[in-house]
Amino acid sequence: MYTVPNFQNPTGITYSEENRLAIADMMKNTNTLIIEDDPYGDLRFTGHHKTSIKKLLPQHTILLGSFSKTIAPGFRLGWIVAPNHIMEKLIIAKQASDLHTNYFVQRIIGILHYIQKVVDT
Ligand SMILES: Cc1ncc(COP(=O)(O)O)c(C=O)c1O
């Protein structure tokens, strides 16, 4: 199952907490893998961040994020949180596809996050 629970493109729809719980409840006894694509979740300007489906069903869910919308689309950098047995396979597939992600860009994002943390405290 593929889903964009936050600020879905192009509708802008965000799932309610009730709908997230309903999805988790519906999927928990299945073998279905959920791809939770969340490139827009950090673009929230008001209200609270909603519970991710990954948090509700960690072993069933792969969570995807991107720095394209929050920092720079040209960096072409995103991230994945997945169960260990899936992550092992994803790492091999990624290495076969491009060897590794640009290290300089990863360091810039890391430094920007560090600065943000210092500013927030
Ligand atoms: C739903 C959705 N997922 C993922 C992406 C991926 O973005 P990027 O490849 O820039 O990280 C986009 C980009 O617009 C998107 O709309």
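Trainee: Which residue stands opposite Glu36 in strand 2?

Mentor: Thr3 stands there. This is a predicted model, in which local features need pLDDT of at least 70, side-chain atom pairs count only at pLDDT 80 or more, and totals for chains, interfaces and linings use all residues. Residues are numbered from 1 along each chain as its sequence is written.

Trainee: How are the strands arranged in the sheet?

Mentor: Strands of a sheet pair through backbone hydrogen bonds, either parallel or antiparallel. Helices (H or I, at least four residues) and strands (E, at least two) are DSSP runs, numbered from the N terminus. Two strands pair if DSSP finds at least two bridges between them. Here four strands form an open sheet with mixed pairing, ordered 1-2-3-4. Strand 1 (2-3) and strand 4 (78-81) are the edge strands, each pairing on one side only. Strand 1 and strand 2 (residues 34-37) run parallel and are joined by two bridges.

Trainee: Where is Pro10, and which residue does a cis peptide bond join to Pro10?

Mentor: Pro10 sits in the loop between strand 1 and helix 1 (17-27). The cis bond joins Asn9 to Pro10, with omega about 15°.
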